[in-house]
Amino acid sequence: MGKDSQHYYGKHGTPQKYDPTFKGPIYNRGCTDVICCVLLFLAIVGYVAVGIIAWTHGDPRKVIYPTDSRGEFCGQKGTNNADKPFLFYFNIVKCASPLVLLEFQCPTPQICVKQCPDRFLTFLDARNSHNFDYYKQFCVPGFQNNKGLAEVLRDGECPAVITPSKPLARRCFPAIHANKGVLMVGNKTTYEDGHGTMKNITELVEGAKKANMVLEARHLAMKIFEDYTVSWYWIVIGLVIAMVLSLLFIILLRFLAGVMVWVMIVMVILVLGYGIFHCYMEYSRLSGEAGSDVSLVDLGFQTDLRVYLHLRQTWMAFMIILSILEVVIILLLIFLRKRILIAIALIKEASRAVGHVMCSMLYPLVTFFLLCLCIAYWASTAVFLSTSNEAVYKIFDDASCQLVGNTCKPETFPSANESRQCPGGRCQFAFYGGESTYHRALLGLQIFNAFMFFWLANFVLALGQVTLAGAFASYYWAMRKPDDMPAFPLFSAFGRALRYHTGSLAFGSLILAIVQIIRVILEYLDQRLKVAQNKFAKFLMVCLKCCFWCLEKFIKFLNRNAYIMIAIYGTNFCTSARNAFFLLMRNIIRVAVLDKVTDFLFLLGKLLIVGSVGILAFFFFTHRIRIVQDTAPPLNYYWVPILTVIIGSYMIAHGFFSVYGMCVDTLFLCFLEDLERNDGSAERPYFMSSTLKKLLNKTNRKVAES
């Protein structure tokens with residue numbers, strides 16, 4: 001038995017030895033992982049420099065107001081386009097490129113116009129008819145009809161074809177409609193591209209169809225934005241209700257942990273049961289209604305999601321999903337009922353710890369505030385970087401000219417020296433971007449911006465975990481609770497984390513940020529590879545995405561426990577991660593059962609809060625209940641505020657329960673350390689509470705009287 005134990009501990013580290021001077025989180029500690037601290041400081045300085053450069057070159061007005069190829073805003077007073085509020089694209093097909101989301105500009109010539117086209121015309125047809133005056137307003141400003149057809153289209157002075165369009169967000173998008181299953185624009189079937197080639201109009205339409213998908217998406221986004229403008233007040237009220245319910249739940253859990261856990265379990269079962277009943281009633285109500293038997297596959301994707309609620313198959317799917325959840329939860333409760341009792345004991349102990357460190361309940365607000373700063377800086381920097389591009393004009397000439405391909409300015413080109421060296425040259429729009437070192441580095445700067453966001457966000461989360469772990473560890477390792485606890489355990493832990501362990505937090509968050517940015521790059525590559533039909537590349541991409549997803553989950557789990565060890569012992573990140581990992585491996589059964597059962601109970605609490613608030617929001621925004629007369633605002637999609645309230649409620653509940661979760665994890669690791677360090681004798685007494693000692697049949701033996 002001794003050899004087996006020695007072999008086991010040799011594989012999973014060495015148990016902590018008894019230390020008579022150890023009384024909880026070590027106060028006399030030194031700085032750890034200083035190199036990573038310096039690296040984080042230099043990275044932040046570089047991040048600030050990137051932000052300043054982006055703010056200098058970018059113009060966020062380009063996101064809201066359209067700009068033509070020369071960078072001039074449409075419809076702005078004091079400009080040449082004051083009376084031209086709409087933006088017209090020469091080739092709308094190029095707007096379907098994914099790069100448009102990064103640059104906020106389509107790679108095609110574009111001009112500001114007074115109105116969008118309302119008819120279909122080709123340049124060839126318009127030039128030889130009375131419609132040419134109408135067509136010229138969609139050519140570049142100052143267009144003179146003194147060139148041949150091919151030259152005009154080659155120089156990009158006029159579009160080859162215009163189609164009936166509708167303005168959306170001050171931009172003209174083609175108005176495409178279906179006619180007997182064939183996509184048509186107006187009543188034309190062919191057009192000439194200016195080079196003598198007749199093309200079928202369906203080729204244009206197929207390309208424009210992609211751009212029209214962008215139109216549908218933006219139209220949907222505009223309606224969603226309108227719903228937010230009229231319902232934001234009630235959304236805030238719903239989130240406040242979720243916050244109150246979370247606080248009330250935690251307060252009750254502080255005094256009635258056992259009863260609240262079982263009540264919570266019963267309530268979740270009842271909520272799911274009501275959901276099943278409601279789905280069944282809706283399914284029965286639609287019986288015999290015209291069109292309700294259409295299948296989801298036949299209906300296809302619809303932007304108006306309310307259509308699906310008129311199908312019986314939708315409610316049947318909801319009912320099946322809720323029934324499966326109900327059965328799974330009931331089975332888990334039956335087979336894990338004894339482990340639930342152990343988890344309740346841990347929650348009660350965590351309740352007492354939180355009761356002695358009540359200010360810990362407010363710490364998620366600090367984390368939320370710091371995360372908001374990270375998100376705001378990242379988002380603003382990303383917008384400024386994306387709007388830093390500018391129109392690039394180059395010299396084009398059919399004849400041999402050594403200046404062909406050089407950049408130029410259309411305003412000064414006619415009188416510049418380049419026009420004399422290239423008499424037949426033209427200064428025309430080439431692309432939207434820039435040729436400076438800054439513009440060539442924009443993609444890299446965007447990646448660096450995303451990487452720094454992940455690093456800083458993970459650092460903020462790590463700081464919160466170390467702070468809470470230090471405060472709750474002070475509670476556990478106090479022999480006489482709470483007399484032996486420091487006066488301000490949370491502030492003491494926060495100060496120790498920043499003073500001594502900024503480098504360790506930066507190290508752990510850096511590893512996690514690297515994995516996360518790799519996952520983002522893989523997602524980007526996956527989107528680019530979807531066009532290719534290489535099955536091996538798709539298989540390899542799926543495998544890589546799965547592996548890095550698992551790696552991220554493992555690193556998050558390891559970091560969380562490493563931060564607890566850092567808060568207790570003050571060791572560096574690698575040592576803390578190794579000790580935490582081996583400690584958990586030596587108690588793998590307890591980790592798998594107690595820790596995960598506790599997480600499951602916390603998940604049930606979140607579901608109860610989110611379900612209650614979600615049901616209340618559903619009945620309110622669908623006008624099934626009224627607080628006062630006509631309080632629910634009219635909406636395009638009532639699921640918009642409902643989903644917002646549900647997601648926001650989950651985030652609020654998660655913030656409050658994360659404190660409890662960190663407390664349970666900290667007490668669990670301290671409990672395992674306590675079992676390895678001490679044996680209950682007078683010299684080595686257990687620090688665990690009497691409840692845990694009774695649960696595990698442990699006692700502290702008194703010194704025998706002589």
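Hi everyone, thanks for coming. Before anything else, please keep in mind that the model is predicted.

Let's start with the cysteines. As a reminder, a disulfide is a covalent bond between the sulfur atoms of two cysteines. How many disulfides does the count come to? It comes to three.

Take Cys74 and Cys112, which are joined by a disulfide with an S to S distance of 1.9 Å. The angle about that S-S bond is -75 degrees, and the link of Cys74 and Cys112 is left-handed. Cys74 sits in the loop between helix H3 (61-64) and strand S1 (86-89), while Cys112 is in strand S2 (residues 110-113), so this pair ties together parts that are 38 residues apart in sequence.

Next come Cys116 and Cys172, another disulfide, with S to S at 2.0 Å. Here the torsion about the S-S bond is about -85 degrees, so this disulfide is left-handed. Cys116 is found in the loop between S2 and strand S3 (121-122), and Cys172 belongs to strand S6 (residues 171-174), so the pair ties together parts that are 56 residues apart in sequence. As for accessibility, Cys116 counts as buried at 9%, and Cys172 counts as buried at 3%.

Then we have Cys139 and Cys158, whose sulfur atoms are 1.9 Å apart in a disulfide. Is the disulfide of Cys139 and Cys158 left-handed or right-handed? The torsion about its S-S bond is about 115 degrees, so the disulfide is right-handed. Cys139 lies in the loop between helix H6 (132-136) and helix H7 (149-154), and Cys158 in the loop between H7 and strand S4 (161-162), so the pair ties together parts 19 residues apart in sequence. Cys139 is buried at 4% relative accessibility, and Cys158 is buried at 3%.

Cys670 is buried, with a relative accessible area of 0%. Cys574, on the other hand, counts as partly exposed at 44% relative accessibility.

Cys670 also brings us to the tyrosine. Tyr476 lies in helix H16 (residues 442-476), and at 0% relative accessibility Tyr476 counts as buried. What is Tyr476 in contact with, leaving aside its neighbours within four places in sequence? The contacts are Lys481, Leu667, Cys670, Phe671, Asp674, Phe687 and Met688. For Asp674, the C-alpha atom is 9.6 Å from that of Tyr476, and the two residues are 198 residues apart along the chain.

Finally, let's move to the surface. A nonpolar patch there has about 920 Å² of accessible area together, and its members include Trp232, Tyr233, Leu252 and Leu616. Which helix gives the largest share of the patch? Helix H8 (residues 201-255) does, with ten residues. Leu248 is one of the patch residues and lies in H8; at 45% relative accessibility, Leu248 counts as partly exposed.

That's my tour, and I'm happy to take questions.

Terms used: Residues numbered from 1 in each chain as written. Predicted model: local features only at pLDDT ≥ 70, side-chain atom pairs only at ≥ 80, totals over all residues. Heavy atoms only, no water. Patch = residues over 30% accessible without salt bridge, like charges linked within 9 Å, V, L, I, M, F, W, Y side chains within 5 Å. Areas by Shrake-Rupley, 256 points an atom, 1.4 Å probe, with all protein chains shown as cover. Salt bridge = Lys/Arg side-chain N within 4 Å of Asp/Glu carboxyl O. Helix = DSSP H or I, 4+ residues; strand = E, 2+ residues; numbered from the N terminus. Buried < 20%, exposed > 50% of the residue type's maximum accessible area, 1.4 Å probe, protein only. Disulfide = S-S within 2.5 Å. Contact = heavy atoms within 4.5 Å.
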